[in-house]
Amino acid sequence: MHAEFAVAKVGKYATRESGDTVEMVERPHGGLSFVMADGQRSGKSAKVISNIAARKAISLLSEGTRDGVAARAAHDYLFAMRGGKVRADLQLLSLDLDTRTIVVTRNTDTSALVIEGTVVRWLEEQAHPIGLYRNTRPAIHELPLGPMTGVVLFSDGIRHAGSRHESRFDVAAVIEPLLFHEELSAQLLADTLLERAIEADRKLPQDDLTVLVLYVHPAAPDDVRRLSVRFPIQS
């Protein structure tokens, strides 16, 4: 098997900086963790908030802290720093090779989509954003690591895409047909979902849009680890 992660993100229309932050770290006992944070509102102020949450979580994960503990610590830190006056949606996605599981940790009211072969299902357990209430806890799900298994996480901008035009954006309806694609990949899933969300907003994203995908392929082409990033530079 080999696991592929992919991220696709774009900022809100007419806003110079995205309020969403995505960070990656290698787990000390094997595997990778990604942290996705969505700060309150959008733009520079939201970026500051999401950076606080993401960097706190990622620093603890790099030291071997469990995902749920890292999420709660990020909440405590944001709550202490901002006095319960700001919020952030926080989602952690980990490939844990020590336990041979995929760990999904959520502090958001946005659901997560799980792929099992050609079937999708939702992780819909209620979880509150961090930073507002003292005793906030994450929703944690551990999935067995296996071929053709995947997880799709996304910010609330994806969920609400098209809402200003009286249309309902259906994430599952976008993902399901792609599972039969001959060249299925995490990047294909992430790029397509982001593209459709932008189209739903009529090419003018009404919020920061971020998609994070993990997909486990049945076979590994070789033993090489690869990382590729495409980052647009504004002129």
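## The sheet

Five strands form an open, antiparallel sheet in the order E2-E3-E4-E5-E8. Strands here are DSSP runs of E, at least two residues long, numbered from the N terminus. Two strands pair if DSSP finds at least two bridges between them. Strand E2 (20-26) and strand E8 (139-144) are at the edges with a single partner strand each, so one side of each has no neighbour in the sheet. On average, neighbouring strands are turned by 10° against each other, direction ignored.

This is a predicted model: local features need pLDDT of at least 70, side-chain atom pairs count only at pLDDT 80 or more, and totals for chains, interfaces and linings use all residues. Residues are numbered from 1 along each chain as its sequence is written, and side-chain values use heavy atoms, without hydrogens and water.

## Inside the sheet and on it

Seven bridges join E4 (residues 88-96) to E5 (residues 101-107). Leu93 has Val104 of E5 as its bridge partner. Helix H2 (residues 67-82) packs on the sheet and touches E3 (31-39), E4, E5 and E8. Contact means heavy atoms within 4.5 Å. Helices are DSSP runs of H or I, at least four residues long.

## A hairpin

E6 (residues 112-116) and E7 (residues 119-123) run antiparallel, joined by five bridges. Val114 stands opposite Arg121 in E7. The two strands form a hairpin with two residues between them. In the turn, Gly117 has a positive phi of about 70°.

Note on methods:
Axes fitted to C-alpha atoms, helices over the stretch in contact; angles between N-to-C directions.
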